Amino acid sequence: MRELKSHRIEREILELYVELRKHQDKCKHTKVIRKYGSNSGNYDPSCDSYWIDFDCPTCLKQWMEDQ
């Protein structure tokens with residue numbers, strides 16, 4: 001049975017996504033851009049939150065870490 005074009009495209013996207021993830025895992029993120037964020041000023045200081053958004057222009061990986 002012949003593979004539908006849409007199924008072939010989805011399969012190729014998945015294969016490329018797996019390849020991208022492998023590339024991102026190997027990247028050293030030496031040129032990473034950090035953006036510091038916060039949600040503070042709440043009536044309850046224990047609800048304040050702080051985080052850093054990371055963006056690597058080399059491998060296009062984006063992630064966030066709580067502080």
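I take helices and strands as DSSP runs, numbered from the N terminus. With that settled, my notes on this predicted model follow.

**Fold**

I started with the secondary structure and found one helix and three strands. Reading along the sequence, I wrote the pattern down as α-β-β-β.

**Overall dimensions**

Along the principal axes, the C-alpha atoms fill a box of roughly 65 × 30 × 15 Å.

I then asked myself what share of the 67 residues counts as buried. My entry reads 13%. For contacts with a separation of 6 or more, I noted that 30% join residues 24 or more positions apart.

**Surface and charge**

**Two backbone angles**

I went through phi with one reminder to myself: most residues other than glycine have a negative phi.

- His-29 has a phi near 55°, a positive value, and is not a glycine. I placed His-29 in the loop between α1 (5–26) and β1 (33–39). Is His-29 buried or exposed? His-29 counts as buried because its relative accessibility is 19%, and the cut-off for buried is under 20%.
- Leu-60 also is not a glycine, and I have its phi down as positive, about 70°. I found Leu-60 in the loop between β2 (49–55) and β3 (62–66). With a relative accessible area of 60%, Leu-60 is exposed; the mark for exposed is over 50%.

**Cysteines**

How many disulfides does a search of the whole structure find? I got zero. I checked Cys-27 in particular: its nearest cysteine sulfur belongs to Cys-56 and is 3.8 Å away. Cys-27 is therefore in no disulfide, since a disulfide needs the two sulfur atoms within 2.5 Å.

Cys-27 is buried, at a relative accessible area of 17%. Cys-47, at 42%, is partly exposed.

Notes:
Residues numbered from 1 in each chain as written. Predicted model: local features only at pLDDT ≥ 70, side-chain atom pairs only at ≥ 80, totals over all residues. Heavy atoms only, no water. Helix = DSSP H or I, 4+ residues; strand = E, 2+ residues; numbered from the N terminus. Buried < 20%, exposed > 50% of the residue type's maximum accessible area, 1.4 Å probe, protein only. Contact = heavy atoms within 4.5 Å.
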